[in-house]
Amino acid sequence: MPQVTIHVAPGPYQAWIENGLLARSGSVLADLLPQASRIFLVTVPPVRKRWGAKFVRSLRAAGFAPQVLSMPDGEPSKRLSTVERLAEKLVGLGADRKAVIVGFGGGVVGDVSGLLASLYMRGVELVQVPTTVLAQVDASIGGKTGVNLVAGKNLVGTFYHPRVVLIDPATLKTLPDREFRAGLYEALKCGVIGNVELFLRFEQNRTRILKRDPAELEWLIAQSVKLKAEVVSADEHEGGLRRVLNLGHTIGHALEAETGYRRLLHGEAVGWGMIAATNIALRVGRTDSVTAGRIADAVLSLGRLPEVNVSSRKILARLQSDKKTQNGVVHFILPREIGKVEVASDVPESVVVESVDELRRLSRGGWVWKK
Ligand SMILES: NC(=O)c1ccc[n+]([C@@H]2O[C@H](COP(=O)([O-])OP(=O)(O)OC[C@H]3O[C@@H](n4cnc5c(N)ncnc54)[C@H](O)[C@@H]3O)[C@@H](O)[C@H]2O)c1
Ligand SMILES: [Zn+2]
């Protein structure tokens, strides 16, 4: 089974990736956490309904008496009030310092559970069991936890690593199609950043990927996790190298914000953002037209992205006030060739505006959806 080690200061931990792992998770956790007094699963109704019984059965068979804590589904519940309510429930259930919190769901559950585990009794063990593509390839790896404020997303959070990440790609079977594809853009991003073979799979095995072929997904997720783990291991707190993971996110975040977080799923915004970054790279001579065409095709061939009818000037203004802006300079991660990116801080405003104009043109149907 693919196991990827994440090397970070509190101590290394592993991500296990295997189809069917959920049914074996009890024995895996019993080996890893022999001291665990109690296990508390934090989850949302859609995940509990489809996969809860299987997970709980496996934990019981391994001698645990798991308790399930439900939180409301969706991004609006990623709030401090949810963390507080869950903490109160934990106290009510008698959770002590030896409690283990398991984040069982998508990125929302993972971020809330991570923050909860880092705060409850000043920190208890955390296990991540992600069930969306986005959470499996991205959110569950790297130790970032957080919740949203009215003023913006992820403004309150901690760095807190799980003891282990258990990834069962088979759980993706029940994911709604749009959520599934949105996560794939983050996996594709990993290919562009640093894994040529992964990128080639998207070009060559797209149909199998979109049909959710189990072996294909297992491989693809393991490769994406490996890439993220390598970057996080080299740069735990987003000093320099970790920034490469933001490919597609500079413009992607601005698009999400400008459309009120309603029109685009995060992964879809990253898809558009990667096309914009590629377009910028081409215009400033950092990449060639063949590479740029391959990246844009790979993004667009995963399905139709929602239209982005935004003002380029407004996007530019958002970039300039973004929290990632340092001294008024906007940093872009630009693809150079497949598997190689670089940081650029000298992109002229006019080029940014043109590349966003290009997104608008593309999204109005200027491209053909390949089957
Ligand atoms: N911590 C990090 O490093 C990091 C990185 C990227 C994103 N994030 C965060 O992740 C969040 C987005 O995560 P997401 O895209 O997973 O969204 P999500 O957690 O809202 O899940 C999407 C939907 O899929 C449902 N779902 C989950 N698993 C399912 C399954 N197996 N079958 C059927 N339905 C299922 C959920 O109930 C939800 O309705 C954002 O809040 C973002 O900020 C965090
Ligand atoms: Zn992302």
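## Basis of the description

Helices (H or I, at least four residues) and strands (E, at least two) are DSSP runs, numbered from the N terminus. The model described here is predicted.

## Overall architecture

The chain contains 14 helices and eleven strands. Its radius of gyration is 20 Å, close to the 21 Å given by the globule rule for 371 residues, so the chain is as compact as a globular protein of that length. Taken along the principal axes, the box filled by the C-alpha atoms is roughly 60 × 40 × 35 Å.

Of the 371 residues, 48% count as buried. When contacts between residues at least 6 apart in sequence are considered, 77% of them join residues at least 24 apart.

## Met-121

Met-121 is found in the loop that runs between helix H4 (107-119) and strand S6 (125-130). Its phi is near 50 degrees, which is a positive value in a residue other than glycine.

Met-121 has 14 other C-beta atoms within 10 Å and is therefore partly exposed, since this class lies between the limits of 12 or fewer for exposed and 20 or more for buried.

## Asn-154

A positive phi also occurs at Asn-154, at about 55 degrees, although this residue is not a glycine. Asn-154 belongs to strand S8, which covers residues 152-156.

The surroundings of Asn-154 include 14 C-beta neighbours inside 10 Å, so the residue counts as partly exposed.

Technical notes:
Residues numbered from 1 in each chain as written. Chains lettered and ligands numbered in written order. Predicted model: local features only at pLDDT ≥ 70, side-chain atom pairs only at ≥ 80, totals over all residues. Rg over C-alpha atoms; globule rule 2.2 N^0.38 Å. Contact = placed C-beta atoms within 7 Å.
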